[in-house]
Amino acid sequence: MKTLTEAQKFIAEKYKNTGENYPELAKLSDEERIKFDVRHCALHSVKLAGKLATVSEDADHGESLDVEKVKKLAVKELINALVLADRVGLSADEIIKRIPEEA
């Protein structure tokens, strides 16, 4: 894959938002599904931040910084961001367009 659009499509296909994957979704309205999606992505972000904090804190105490783990976590954060963007209808092109104004 060579573009953010291709990555977002791949991620959307891999992490489908279905009642099979998330049983709670079956009983939710469209608005409630979006709330669920945002909350679920926030929880993933918190988990990833905790993992990053652990790696960083270990390094603060004298261990070598596990750069490969940091790289893996950076990719997982991007994946989570693409899932969140997809679930709220934000395209990869729109993400790129909005980066200068949000940075």
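Modeller: Arginine 39 has a relative accessible area of 43% in this predicted model, and because that value falls between the limits of 20% and 50%, the residue counts as partly exposed. Its side chain meets that of glutamate 24 in a salt bridge, with a distance from N to O of 3.6 Å. This pair links distant parts of the chain, since arginine 39 belongs to helix 2 (residues 30-60), while glutamate 24 sits 15 residues away in the loop between helix 1 (4-14) and helix 2. Glutamate 24 is likewise partly exposed, at 36% relative accessible area.

Side chains of opposite charge can pair when their charged atoms come close. By the distance rule applied here, the model contains 6 salt bridges, and another of them joins the side chains of aspartate 37 and arginine 87, at 3.9 Å from N to O. If neighbours within four places in sequence are set aside, the contacts of aspartate 37 are with Asn17 and Arg87.

Helix 2 and helix 3 pack with their axes 10 Å apart and at an angle of about 170°, which makes the two roughly antiparallel, as the angle is over 145 degrees. On the side of helix 2, the residues that take part include Ile34, Asp37, Val38, Cys41, His44, Leu48, Leu52 and Val55. Among those they meet in helix 3 are Val70, Leu73, Lys76, Glu77, Asn80, Val83, Leu84 and Arg87.

Some of the residues in this packing also take part in a nonpolar patch on the surface, which is formed by Ile34, Val38, Leu84 and Val88 and has about 290 Å² of accessible area together. Of these, valine 88 is found in the loop between helix 3 and helix 4 (92-102), and because its relative accessible area is 47%, it counts as partly exposed.

The loop between helix 2 and helix 3 holds leucine 65, which is partly exposed at 48% relative accessibility. Leucine 65 and valine 55 are 10 residues apart in sequence, and their C-alpha atoms are 6.8 Å apart in space. Apart from neighbours within four places in sequence, leucine 65 is in contact with Val55, Ala59 and Val70, of which Val55 in helix 2 and Val70 in helix 3 are also listed where those helices meet.

Lysine 71 counts as partly exposed at 48% relative accessibility, whereas glutamate 68, at 55%, is over the 50% limit and so counts as exposed.

Note on methods
Residues numbered from 1 in each chain as written. Predicted model: local features only at pLDDT ≥ 70, side-chain atom pairs only at ≥ 80, totals over all residues. Heavy atoms only, no water. Salt bridge = Lys/Arg side-chain N within 4 Å of Asp/Glu carboxyl O. Helix = DSSP H or I, 4+ residues; strand = E, 2+ residues; numbered from the N terminus. Buried < 20%, exposed > 50% of the residue type's maximum accessible area, 1.4 Å probe, protein only. Patch = residues over 30% accessible without salt bridge, like charges linked within 9 Å, V, L, I, M, F, W, Y side chains within 5 Å. Areas by Shrake-Rupley, 256 points an atom, 1.4 Å probe, with all protein chains shown as cover. Axes fitted to C-alpha atoms, helices over the stretch in contact; angles between N-to-C directions. Parallel < 35°, antiparallel > 145°, perpendicular 65-115°, else oblique. Contact = heavy atoms within 4.5 Å.
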